[in-house]
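User: Please go through the assignments made for this protein and set each one against its criterion.

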Amino acid sequence: MPLIQFAGETICCARGDNLRSVLLRHKPSMRGSLYNGAAGLTHCRGLGTCGTCAVDVKGDLTPMTKIEKWRLGFPPHQLDSGLRLACQVCVMGDLVVTKHSGLWGQRFAD
Ligand code: FES
């Protein structure tokens with residue numbers, strides 16, 4: 001069972017679980033940690049189109065999907081930023097997840 005370190009908590013989930021679902025299921029208040037500011041109300045609910053669930057992840061995830069690559073390929077994201085969309089990835093091992101600042105979580109200078 002993979003362990004996820006996020007927002008000062010350790011969350012256990014099944015291998016293959018969707019990262020966004022795990023974080024929101026663990027504690028609804030995680031919404032405020034996964035989404036910054038108004039994105040908590042305006043996100044695309046996991047469709048992969050808004051880009052606001054972007055997180056910095058260390059650990060094993062599934063490969064990037066076509067829609068994830070598409071959304072991370074235009075501003076404010078950059079495909080080479082190393083960020084992943086929580087709604088488009090599945091947990092394949094232990095993770096350390098960090099949410100950066102900015103409406104899309106795109107800023108690294110925090
Ligand atoms: S919730 Fe919109 S891209 Fe993930």
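**Contacts, core and sheet**

Analyst: In this predicted model, Ile-4 is in contact with Ile-11, Cys-13, Val-22, Val-91, Leu-95 and Val-97, neighbours within four places in sequence being left aside.

User: Which residues have the most contacts inside the largest nonpolar core?

Analyst: That core has 25 residues, and those with the most contacts inside it are Ile-4, Val-22, Leu-23, Cys-53, Val-55, Leu-85 and Ala-86. Two or more residues come from each of β1 (3–6), α1 (19–26), β3, β4 and β5. The element that gives the most is α1, with 4 residues.

User: What makes a residue of this protein count as buried, and what percentage of the residues do so?

Analyst: A residue is buried if 20 or more other C-beta atoms lie within 10 Å of its own. By that count, 31% of the 110 residues are buried.

User: How do you know that β3 and β5 pair, and in which direction do they run?

Analyst: Pairing requires at least two bridges. Strand β3 (residues 54–61) is joined to strand β5 (residues 91–98) by 5 bridges, therefore the two count as paired; they run antiparallel. Within this pairing, Lys-58 has Val-96 as its bridge partner, and Asp-56 has Thr-98.

User: Why are β2 and β4 called edge strands?

Analyst: The 5 strands form an open sheet in the order β2-β1-β5-β3-β4, with mixed pairing. Each of β2 (9–12) and β4 (83–85) has a single partner strand, so one side of each is left without a neighbour in the sheet. Neighbouring strands of this sheet are turned by 40° against each other on average, direction ignored.

User: How do you know that the radius of gyration agrees with a compact globule?

Analyst: For 110 residues, a compact globule would have a radius of gyration near 13 Å; the protein has 12 Å, which agrees. The C-alpha trace spans about 35 × 25 × 25 Å along its principal axes.

User: Which pattern do the helices and strands follow along the sequence?

Analyst: There are 4 helices and 5 strands, and their pattern is β-β-α-α-α-β-α-β-β.

How values were computed: Residues numbered from 1 in each chain as written. Predicted model: local features only at pLDDT ≥ 70, side-chain atom pairs only at ≥ 80, totals over all residues. Axes fitted to C-alpha atoms, helices over the stretch in contact; angles between N-to-C directions. Core = buried A, V, L, I, M, F, W, Y, C linked by C-beta atoms within 7 Å. Buried ≥ 20, exposed ≤ 12 C-beta atoms within 10 Å, placed from the backbone. Contact = placed C-beta atoms within 7 Å. Rg over C-alpha atoms; globule rule 2.2 N^0.38 Å.
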